[in-house]
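Please look over the structure below before reading on.

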Amino acid sequence: MLLSSTPSPNENHLRFNQFYVENYQWLYGFICKTVSSRNNIEDILQDTFLKIFVTPNLLDQIKQPRPYLATTARHIMINQAKRKKIEESYLKNLAEQPEHLQHSPEQLFIILETLTLVVNALEGLAERQRLVLIMHYIEGISQVDLAEHFNVSRKTIQNELIKAIVSCHRSIQKQS
């Protein structure tokens, strides 16, 4: 009979439950120092522990639970703040639109989700790649003008655009 070193699903659940019980109160107190809304605190707690629960073998890799939990919770708070900023900006812009251009709640949700994916993808780019992508596709600046602006060849700009597009595509696929 072969003995497996991989814990059974039941053992994983027991280990996670123990980890949760040992760290819940500490993480709750840590988050309370930054977040005032009880609902937001609960959401951050849930998202933090859920990330650990759904990631295979993550508990085996966590050597120092509190720093790991603090970092994960901070990242979740940052992502929530970014998302809220995107939502507020979009809703402000939407309020300025004529009534016949306004969207249904379902359309708004899809638009906000898409904007969040795009912002996260752009944030993952190197600075020049991000600038080249935005300047070319949003501001309509030609590749030749970009090459002059950055003092590089047109071929370099083309490569930067390709790398940026591929990176954004991968990021969006990973997030979806």
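What follows is a brief report on selected local features of this predicted model.

Helix α7 spans residues 143–150. Its buried residues are Q143, L146 and A147. They share one side of α7, because they cover an arc of only 100° around the axis.

The face turned away from that buried side carries E148 and H149. Both of these residues are exposed.

## What covers α7, and what comes next

Just after α7 comes N151. There the phi angle is positive, at about 60°.

## E160 in helix α8

E160 is part of helix α8. Is E160 buried or exposed? With a relative accessible area of 11%, E160 is buried, since the cut-off is under 20%.

Setting aside neighbours within four places in sequence, E160 is in contact with R128, Q129 and V132.

## Cysteines

A disulfide is a covalent bond between the sulfur atoms of two cysteines. How many disulfides does the model contain? The count is zero, taking a pair of cysteine sulfur atoms within 2.5 Å as the criterion.

Technical notes: Residues are numbered from 1 along each chain as its sequence is written. This is a predicted model: local features need pLDDT of at least 70, side-chain atom pairs count only at pLDDT 80 or more; totals for chains, interfaces and linings use all residues. Side-chain values use heavy atoms; hydrogens and water are left out. Buried means under 20% relative accessible area, exposed over 50%, partly exposed in between (1.4 Å probe, protein chains only). Helices (H or I, at least four residues) and strands (E, at least two) are DSSP runs, numbered from the N terminus. The arc is that of the directions from the helix axis to the C-beta atoms. Contact means heavy atoms within 4.5 Å.
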